[in-house]
Amino acid sequence: MTTLSQDWYLEEDFWRTFGPLMFNEDTFASGAEEVADLVELAGIAPGPVLDLGSGPGRHALPLASAGYPVTAVDTSRLLLDQLKEAAGELPIELVEADMRQFRREQAFDLALVMWTSFGYFGDEADHVQVLANIRDSLTDTGRLVLDLVGVEYLARNLEPVHLTEYDDDLLLIERPLLTDNLTRLENEWLLIDGDKVHRAEFSHRVWSAGEITALLARCGFDVHGIYGDCRGGLYDLEAERLVVIAGRGETSAR
Ligand SMILES: C[S@@+](CC[C@H](N)C(=O)[O-])C[C@H]1O[C@@H](n2cnc3c(N)ncnc32)[C@H](O)[C@@H]1O
């Protein structure tokens, strides 16, 4: 398989091939831990939650188990079907929609965009559109949690080639590169499965803490905190994540 399209994130083949590597027992367990940490860090009230780019529900499932009504939005039918199966009777609404279009006026106390599910678009106006949609979908006291990887960490730690061996003899070769004046991460993934090789090329936007703060401010958010993980760790050059907690500002755009 080769994925060269600009819209790689909309291709079911990408998630069918690489999804099982990303969404496994370990990453589901870390999703549950992140939810517990974020409830504390963001001071989340027990209201409706929007999980944007939910995937198969690493965060939607533990949130719903804890009693939060969750709306899980994703473009992948495949991943939403996996979430549906796991959800059973839990209070999770599944919405197959693109985050560039999904908007529900003042409906959510919390919007989560986890594990770098934001930044996929080639056109920056689409990122602005998504943030405007989120802002409109939050209640006045609502919070946005953006979980990204910061360019500061990538610039310092990126390896030209990275190998991961999985239990079932699968080997993933990653060849990442920072491009476009350190604003995009281009990736080539080769998954070796016996004598089969799956190859994907994709890229996404990356921001520094300062840049994402400026973008959020431009879209009418006040940034309440920048952290290096969901526990509220320091955001520094060692921080593997760039976790931003923001609220609706006074005006919708500046
Ligand atoms: C890296 S996965 C993260 C999934 C989940 N947030 C997690 O932490 O496990 C990115 C997810 O975003 C979804 N996605 C990609 N583009 C999207 C779009 N334009 N609108 C909604 N969802 C999108 C993908 O289908 C995928 O489920």
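Leu 146 has Val 244, in strand 12, as its bridge partner. The model is predicted, so to speak of local features a pLDDT of at least 70 is needed, side-chain atom pairs count only at pLDDT 80 or more, and totals for chains, interfaces and linings use all residues. Residues are numbered from 1 along each chain as its sequence is written, and side-chain values use heavy atoms, with hydrogens and water left out. Strands here are DSSP runs of E with at least two residues, helices are runs of H or I with at least four, and both are numbered from the N terminus.

Strand 6 (residues 138-148) and strand 12 (residues 242-248) pair up antiparallel over six bridges; pairing takes at least two DSSP bridges between two strands. Helix 5 (residues 124-137) packs on the sheet and touches strand 2 (49-52), strand 5 (108-113), strand 6, strand 11 and strand 12, with contact meaning heavy atoms within 4.5 Å. The direction of helix 5 makes about 140° with that of strand 6; such angles run from 0 to 180 degrees between N-to-C directions, along lines fitted to C-alpha atoms (for helices, over the stretch in contact). Helix 7 (residues 209-218) packs on the sheet too, touching strand 6, strand 11 and strand 12, and its direction makes about 160° with that of strand 11.

As for the sheet itself, seven strands make an open, mixed arrangement in the order 4-3-2-5-6-12-11. Strand 4 (92-96) and strand 11 (221-227) sit at the edges, each pairing on one side only.

Then there's the ligand. It is surrounded by 20 residues, the closest being Gly 53, Arg 58, Asp 74, Asp 98 and Met 99; a residue counts if one of its heavy atoms lies within 4 Å. A backbone N or O atom of Gly 53 is 2.7 Å from a ligand nitrogen, and a polar side-chain atom of Arg 58 is 2.6 Å from a ligand oxygen (polar contacts are pairs of N or O atoms within 3.5 Å).

Note on methods: Polar contact = N/O pair within 3.5 Å; in protein donor to acceptor, adjacent residues only side chain to side chain.
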